[in-house]
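Visitor: Could you show me how to read helix packing and pockets in a model like this one?

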Amino acid sequence: MGMKTPSEYLWSRRSLLLVCFVVAAILMFEAIRIWVADYRVHSNRIDQMERGVALEPENASAWDRLGRARESDFVNPDPAGAIRDFEKAVARVPLSATYWMDLAGAYESIGNIPRAREAFSRARAAYPASAVVAWSYGNFLLRQGDYDGGFAQLNQSVRADPSLAMPAISQAWHKTQDADVLLNQVLPASEDAYLQAIDFMAASGQPAAALAIWQRLLSLGKPVELRRSIPFIEFLIQSDRAEDTSRVWREALAAAGLPHSEPANQLLIWNGDFGRDFLNGGLDWRWNSPFGASLGFDAPPPSSGGRSLRLDFSGGANLDLSEPLEFVPVEPSHSYHFHVVVRTEGITTENGLFFSIGDPHHGAAVVSTENLTGSHSWTPTDVNYTTGPQTHFLIVQVCRAQSHLFESKLSGTAWIGDVSLTPSSAPPPSK
């Protein structure tokens, strides 16, 4: 081969530069076109968006965005135009479940239910494992009155995404008011789903439905943390359902792996010997640590088992005390005997400690024990209480009313032991 002349080298370099310039110009033009198209598509004006998709007619996302803009234009809605845009989107990307769902919604908005159903089916086929698609399709079917099909889709959506359990519960309940539908068609057999359903029924004031779901939860045979059961038991207490509360309390303790035998000798107060720490809910003692008071445990009273409860008062507050407390299921129109042993040391002011017993729901009379101040050795106290015809619970609580003295702040220590409530016909508690 002969060597190139200087003029040929110059021509080659100029040709290469020209090609590079043309390629750069084309790339710059394309970049500018894409940027302008994207800028226009993401504007808030439909006319600008139309100009944007005209620059990028193969961009399915742009067509879908334009369709949604036409749908949401409350001044000049254009459902037919939106459908055309969505159809162009699915034509370009037929495997997008999102685009098919947008098209389905647009068809439904104009009453074309067969085409909407077909579009939802295409979305399901495109992404069969999608919780969002199953949720949207299920709600569409419910709106058409196809409850079996709709609930089946809601069930699939909850299985794929457990966070959808609560909205699925709400949707199904408001459609049917039927706990069996929830249990058999909507919810997967899972502890979390059932607990959410119980919470929903409690918030909606539906004790019968909540109890049915609770039994299904127990049938799983899995442990249930007591903290998850407590809100349901609180609801049953507030609903004044004493028999159900007693049963569910025992079942909840058993499910949590805790001792669940009822107190012996017809005693009605749980943990009356303070042998266990407070569970702070259900049918056990509750204590919320009021300012100026602290709680602990000590040796029991003479000839008693378990422990004594010790309350220490720092002298920093003029306490209006109403705890520790416990809710106790009882029978209406029955007589009961309350017993407690109390010791005090240096309890100040004229208002000391006493026990109060009353009906928390029906405003019945309250019976109180003697107000103890100063220092006392272990002192037994007994009072009787007769429940009213509507009474299903008693609330037993340690109380102290605020003092009106100048030196009103409470200090000192009290010990409490051997607390019991028994039917008056029952034998006395064994020691």
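Predicted model: local features only at pLDDT ≥ 70, side-chain atom pairs only at ≥ 80, totals over all residues.

Visitor: At what angle do helix H5 and helix H7 pack?

Guide: Two packed helices are described by the angle between their axes and the distance between the axes. Here helix H5 (residues 97–109) and helix H7 (residues 131–143) pack at about 15 degrees, with axes 11 Å apart, which makes H5 roughly parallel to H7 (angles under 35 degrees count as roughly parallel, over 145 as roughly antiparallel, 65 to 115 as roughly perpendicular and the rest as oblique). The contact (heavy atoms within 4.5 Å) includes Met 101 of H5 and Phe 140 of H7, and its residues divide into five nonpolar, one polar and two charged.

Visitor: How do H8 and H10 pack?

Guide: Helix H8 (residues 147–160) and helix H10 (residues 179–186) pack at about 60 degrees, their axes 9 Å apart, so that H8 is oblique to H10. Among the residues that meet are Phe 151 in H8 and Val 181 in H10.

Visitor: Which residues lie nearest the centre of the second largest pocket?

Guide: Rolling a probe the size of a water molecule over the atoms shows where empty space is left. A pocket is an open set of points on a 1 Å grid where a 1.4 Å probe fits, with protein on both sides within 12 Å along at least five of seven lines, and lining residues have an atom within 4 Å of a point. Of the 20 residues lining the second largest pocket, Ala 242, Ser 246, Pro 329, Val 330 and Glu 331 lie nearest its centre, and helix H14 (residues 242–255) gives the largest share of the lining, five residues.

Key
Residues numbered from 1 in each chain as written. Heavy atoms only, no water. Helix = DSSP H or I, 4+ residues; strand = E, 2+ residues; numbered from the N terminus. Axes fitted to C-alpha atoms, helices over the stretch in contact; angles between N-to-C directions. Nonpolar A, V, L, I, M, F, W, Y, C, P; charged D, E, K, R; others polar.
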